[in-house]
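Here is a short briefing to read alongside the model. Take a look at the structure first, and then we can walk through a few of its residues together.

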Amino acid sequence: MRMIQVRPVGGSYRRAMAQVARIEATPAAILAHFCELLEGARISGEVTAERAGYDQRNGWDTFTVLVGGTPCCYADGPL
């Protein structure tokens with residue numbers, strides 16, 4: 001299974017990078033990861049990823065991951 005690194009949207013860049021997690025590159029893994037981060041909150045909706053561009057700060061070819069059209073994290077690759 002292909003893995004990606006994800007970091008949350010919002011807050012400072014430094015804090016978000018401290019929260020980077022390595023997860024499977026699947027919509028189910030994205031939903032499970034963010035439900036866990038939000039202490040069991042139920043998150044649902046279609047999971048999509050849009051290329052955001054290259055981030056020189058971390059070397060990622062960054063994708064914005066959206067759940068139900070709302071950005072939830074950045075990833076270092078596509079789903």
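Setting aside neighbours within four places in sequence, Leu66 is in contact (heavy atoms within 4.5 Å) with Glu46, Val47, Thr48, Glu50, Pro71 and Cys72. Please keep in mind that this is a predicted model, where local features need pLDDT of at least 70 and side-chain atom pairs count only at pLDDT 80 or more, while totals for chains, interfaces and linings use all residues. Residues are numbered from 1 along each chain as its sequence is written, and side-chain values use heavy atoms, with hydrogens and water left out.

**Leu66 and its strand**
- Leu66 belongs to strand β4, residues 60-67 (strands are DSSP runs of E, at least two residues, numbered from the N terminus).
- With a relative accessible area of 8%, Leu66 is buried (under 20% relative accessible area, with a 1.4 Å probe and protein chains only).
- Ala28 lies 38 residues from Leu66 along the chain, and their C-alpha atoms are separated by 13 Å.

**Ala75 and its strand**
- Strand β5, residues 70-75, is where you will find Ala75.
- Ala75 is buried, and its relative accessible area is 0%.
- Beyond its neighbours within four places in sequence, Ala75 is in contact with Ile4, Gln5, Val6, Trp60, Asp61, Thr62, Phe63 and Val65.
- Between the C-alpha atoms of Ala75 and Arg51, 24 residues apart along the chain, the separation is 9.3 Å.

**A charge and a ring**
- The charged end of Arg57 sits over the ring of Tyr13, 3.9 Å from its centre (CZ of Arg or NZ of Lys within 6 Å of the ring centre and within 35 degrees of the ring normal).

Notes:
Helix = DSSP H or I, 4+ residues; strand = E, 2+ residues; numbered from the N terminus. Buried < 20%, exposed > 50% of the residue type's maximum accessible area, 1.4 Å probe, protein only.
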